[in-house]
Amino acid sequence: MTGSTVLRARGLTRRYGEDDGLVRAVDEVDLDVPAGQALAIMGPSGCGKSTLLHLLGGLQRPTGGQVWLAGHRIDTMSERALARLRRDSVGFVFQSFHLMDELTAVENVELAALLAGRRPREARRRALHLLDRVGLADRAGHLPSALSGGQRQRVAIARALSNEPLVVLADEPTGNLDSAATLDVLRLFEELRTAGQTLVVVTHDARIAAVADRVISMRDGAFADDSQLAGTVHDGRR
Ligand SMILES: Nc1ncnc2c1ncn2[C@@H]1O[C@H](COP(=O)(O)OP(=O)(O)O)[C@@H](O)[C@H]1O
Ligand SMILES: [Mg+2]
């Protein structure tokens with residue numbers, strides 16, 4: 001694979017159960033995500049979006065097919081090596097934020113960098129810079145319980161950027177937010193895209209397409225549509 005392909009999947013499959021209870025959550029998916037692409041994956045609840053994202057980010061193992069992250073085949077990788085690759089290469093953003101309640105905003109953001117072995121002063125400096133970038137410089141010392149949902153998600157995005165990941169994977173990042181907070185988060189993703197951050201955002205919010213270069217629609221574990229929105233070849237949706 002070329003150095004500029006951040007994610008690659010071939011025949012990627014994840015099944016649950018068997019016989020009558022068999023669910024093809026992800027069904028023989030082929031995918032290439034080049035560096036710098038902002039990809040939105042859309043589709044109804046239950047179509048396999050979260051499962052696909054987890055397979056791509058090495059949070060879950062496929063039951064079939066192959067997947068590469070940053071040029072490394074991850075479906076056969078040891079748990080230990082995979083954990084290290086995830087830490088260094090992937091920033092995850094979840095619908096329910098997954099912040100540590102007892103840590104302040106800046107502590108949440110710097111934690112990943114500390115775990116990756118960065119020096120405390122450098123980790124703190126970078127965490128403060130990232131909080132500033134997401135518009136929360138004045139909330140650095142706040143606990144998550146003192147922040148709104150939108151602010152929590154922006155802290156989570158800052159945290160996802162902490163180790164300068166090759167790719168940010170976001171699962172319904174606006175799913176728990178009101179519309180004003182949703183716009184804040186969308187604006188942030190737009191900025192990340194403009195900065196060249198490779199992004200995969202799973203959502204059923206059509207507005208996310210506004211921040212994507214490419215939109216894939218999923219149905220029943222497979223790709224029903226794959227549209228490049230930037231450049232000359234697009235389907236007129238923007
Ligand atoms: N741990 C699991 N055990 C059994 N079925 C599962 C499990 N996780 C997901 N599924 C099923 O796989 C399908 C895809 O789920 P999911 O990836 O969560 O979809 P989405 O994120 O698009 O809502 C659904 O039918 C779901 O019920
Ligand atoms: Mg989901």
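I will go through the overall fold of this protein, then the surroundings of its ligand, and then one of its sheets.

Please keep in mind throughout that what we are looking at is a predicted model. The protein contains six helices and ten strands, and its radius of gyration is 18 Å, close to the 18 Å that the globule rule gives for 238 residues, so it is as compact as a globular protein of that length. The C-alpha trace spans about 50 × 45 × 40 Å along the principal axes, and 43% of the 238 residues count as buried. If we take the contacts between residues at least 6 apart in sequence, 66% of them join residues at least 24 apart.

Turning to ligand 1, the residues around it include Tyr16, Val23 and Ala25, together with Gly43 and the residues Ser45, Gly46, Cys47, Gly48, Lys49, Ser50 and Thr51. Strand S2, residues 23–34, and helix H1, residues 49–56, each supply at least two residues of this shell, and the largest share, three residues, comes from H1.

At the S5 end, two bridges join S5 to strand S4, residues 64–69, with the two strands running antiparallel, and leucine 69 has histidine 72 in S5 as its bridge partner.

Notes
Residues are numbered from 1 along each chain as its sequence is written. Chains are lettered from A and ligands numbered from 1 in the order in which they are written. This is a predicted model: local features need pLDDT of at least 70, side-chain atom pairs count only at pLDDT 80 or more; totals for chains, interfaces and linings use all residues. Helices (H or I, at least four residues) and strands (E, at least two) are DSSP runs, numbered from the N terminus. The radius of gyration is taken over C-alpha atoms; the globule rule is 2.2 Å times the number of residues to the power 0.38. A residue is buried if 20 or more other C-beta atoms lie within 10 Å of its own, exposed if 12 or fewer, and partly exposed in between; C-beta atoms are placed from the backbone. Two residues are in contact if their C-beta atoms, placed from the backbone, lie within 7 Å. A residue is near a molecule or strand if its C-beta atom, placed from the backbone, lies within 6 Å of it. Two strands pair if DSSP finds at least two bridges between them.
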